Amino acid sequence: MRGQKSPLLLLNIFVKNAKEKIEVVVKESIDDREDLFLIDVIVKGNVGTTKVVVILDGDNGVAIEDCVSVSRNLASYLEEEEVFDDKYTIEVTSAGLEHPITLPRQYTKNIGRNIKVVKTDQSVLEGKLISAEGDVITLEVLKDKKKKISESIDLTFSDIEKTNVLVSFK
């Protein structure tokens, strides 16, 4: 049918609009907390079983009370504005190790930790994050493990496809 939008396109537009509204509400919920910041909002599921996932991070971590407060504010908003017609669930969580680093602020927070960087050319670097200034991070990478010789490598955010913090059990 000409001129009519497909149901899938309409669903995508609805999800995008819902996500944008949720981002605003979450940012307002943590506006008085300079140490907290929003990483992502994910709206997923099928009609009738929508799941909203809010991922937060903080300069000093994220307390369970922070997640509860954001969840309550978001639930009130979703109910008042009737954003979803059917059932939905809300999950407010902190950015764990499984969530990649996506914001410059997260790089700053993780200075001194070991990270794994997948570059846009798909090459992989592992090393200690030494600095994060502007749009450049500096990694200390072991060049020769036996001699324990390392080198500093600068990367711009445009060089990086994905970064994860590595778990250290030492």
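A residue counts as buried when its relative accessible area is under 20%, as exposed when that area is over 50%, and as partly exposed in between, judged with a 1.4 Å probe and protein chains only. The structure above is a predicted model, in which local features need pLDDT of at least 70 and side-chain atom pairs count only at pLDDT 80 or more, while totals for chains, interfaces and linings use all residues. Residues are numbered from 1 along each chain as its sequence is written, and side-chain values use heavy atoms, with hydrogens and water left out.

We can begin with the charged pairs. Side chains of opposite charge can pair when their charged atoms come close. The structure holds six salt bridges, a salt bridge being a side-chain nitrogen of Lys or Arg within 4 Å of a carboxyl oxygen of Asp or Glu. One of them joins D57 to K109, with the closest N and O atoms 2.5 Å apart. Because D57 lies in strand 2 (residues 49-58) and K109 in helix 3, this pair ties together parts that are 52 residues apart in sequence; helices (H or I, at least four residues) and strands (E, at least two) are here DSSP runs, numbered from the N terminus. D57 is buried, at 5% relative accessibility, whereas K109 is partly exposed, with a relative accessible area of 33%.

Salt bridges that share partners also join R33, D35 and D66 into one network. D35 is buried at 18% relative accessible area, and D66 is buried at 12%, while R33 is partly exposed at 29%.

The aromatic side chains come next. A search of the whole structure finds two aromatic pairs, where rings of Phe, Tyr and Trp (its six-membered ring) pair if their centres lie within 6.5 Å, and planes under 30 degrees apart count as stacked, over 60 as edge-to-face and the rest as tilted. F84 and Y88 form a tilted pair, 5.3 Å centre to centre with 45° between the planes, and F84 is buried at 8% relative accessibility. Y107 and F157 form a tilted pair as well, with 5.2 Å from centre to centre and 35° between the planes. Y107 lies in helix 3 (residues 104-109) and F157 in the loop between strand 7 (149-156) and strand 8 (160-165), so this pair ties together parts that are 50 residues apart in sequence. Y107 is buried, with a relative accessible area of 3%, and F157 is partly exposed at 23%.

The loop between strand 3 (88-94) and helix 3 contains L97, and I101 is placed in the loop between strand 3 and helix 3 too. L97 is partly exposed at 38% relative accessibility, but I101 is buried at 7%. The C-alpha atoms of I101 and V165 are separated by 7.6 Å, although these residues are 64 residues apart along the chain.
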